[in-house]
Number of protein chains: 2
Amino acid sequence: MESTRELFQIMTRRFGLLNKNCCTVGGNDITPVQSHILFEVDRQHNPSIQQIAETLGTDITTFSRQVQSLIKMNLIKKTPDPADRRVSTLSLTVEGKYVATTIDQQMNAYLDEIFSFMTEFEKETVLRSIKLMNEAMAKSDNCCRPIIG
Amino acid sequence: MESTRELFQIMTRRFGLLNKNCCTVGGNDITPVQSHILFEVDRQHNPSIQQIAETLGTDITTFSRQVQSLIKMNLIKKTPDPADRRVSTLSLTVEGKYVATTIDQQMNAYLDEIFSFMTEFEKETVLRSIKLMNEAMAKSDNCCRPIIG
DNA sequence: TTCAAATACTTGTATAATGCAAATAATGAA
DNA sequence: TTCATTATTTGCATTATACAAGTATTTGAA
């Protein structure tokens, strides 16, 4: 009998492998970390560097450098916050938006292929379950900010 | 409306954060990569270095060095395969087994806490869904070996 | 049998990622 | 004003990563 952890460990590893092989877009080779950043910058409304770093659970200094390289790749841009000039808000460039969208489509295509091995009912059940998990994780103390200790 | 990819992206990120904060066991600070390796060595029967590297989707040279450091930490051991002396099979040491088990328990405890926000029925549905996903991913061409291109 | 090709793994080397400590810059409260 | 706090960046050391090349062993065809 598989343990709960085993089920999740294997699924998340496989999803990570999909992410790893996804994607080369318009000559840009996007690493999983960069892909995560583009994803979150796209999702959040004018997030600060700190906000994204916290969301992703990375050290802010590491993240600061990741931002720099994404700016060099012309995928995101930094805008000083007029209300607090210590803060930089991040947003996607046109090219960054294109890359983020393409990755999203490619990932959804991969997932669709996986769902093709299920009935429509099973697919709906799975999607509802993932949503349930996300809601429960959001309520949890362990999930998902850095845990002290 | 959240896309399929968004649901999975968020869930796997959160699971990754749990993994990241899990665990310090008996003075050993275990990285997520090391935790994955211990998990797979424990799961597979006398796997070779190549087998695990392939399972985890890492380059074998990187993996070879990860194995070396886990041996230095006295968590796994390498045994030459008598049938083919090019091959080394991996197994957990007593300490490695202890660390792997402790991580497993800790992760299961985290997950239990998350499930405490659901009804028993919802929990069962979620677990069945993850199992369905794993089975479907196993059938998929995209999942989950390195994809050419 | 012999030897070249294939396989399993390791090492050399270069690059990139990571995170702590410290620096810089801006804010806000006393 | 002054000093603690906050947001971000830079210095630095460590670690992870992967390509290329090396070693050791096995395999299979001539």
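Me: Take a salt bridge as a side-chain nitrogen of Lys or Arg within 4 Å of a carboxyl oxygen of Asp or Glu. How many salt bridges are there between chain A and chain B?

Reply: Six. One of them pairs Glu6(B) with Arg43(A). Their closest N and O atoms are 2.6 Å apart. Keep in mind that this is a predicted model: local features need pLDDT of at least 70, side-chain atom pairs count only at pLDDT 80 or more, and totals for chains, interfaces and linings use all residues. Residues are numbered from 1 along each chain as its sequence is written, chains are lettered from A and ligands numbered from 1 in the order written, and side-chain values use heavy atoms, with hydrogens and water left out.

Me: What area is buried between chain A and chain B?

Reply: About 6,500 Å². That is accessible area (1.4 Å probe) lost on putting the two parts together, summed over both. Carbon and sulfur atoms give 65% of it. In contact terms (heavy atoms within 4.5 Å), 64 residues of chain A meet 64 residues of chain B.

Me: Switching to DNA strand D. Which residues are closest?

Reply: Gln50(A), Ser64(A), Arg65(A), Lys78(A) and Arg86(A).

Me: What does the side chain of Arg86(A) reach?

Reply: A base oxygen of DNA strand D, 2.7 Å from a side-chain N or O atom of Arg86(A).

Key: A residue is near a molecule or strand if one of its heavy atoms lies within 4 Å of it. A polar contact is a pair of N or O atoms within 3.5 Å; within protein, one must be able to donate a hydrogen and the other to accept it, and residues adjacent in sequence count only if both atoms are side-chain atoms.
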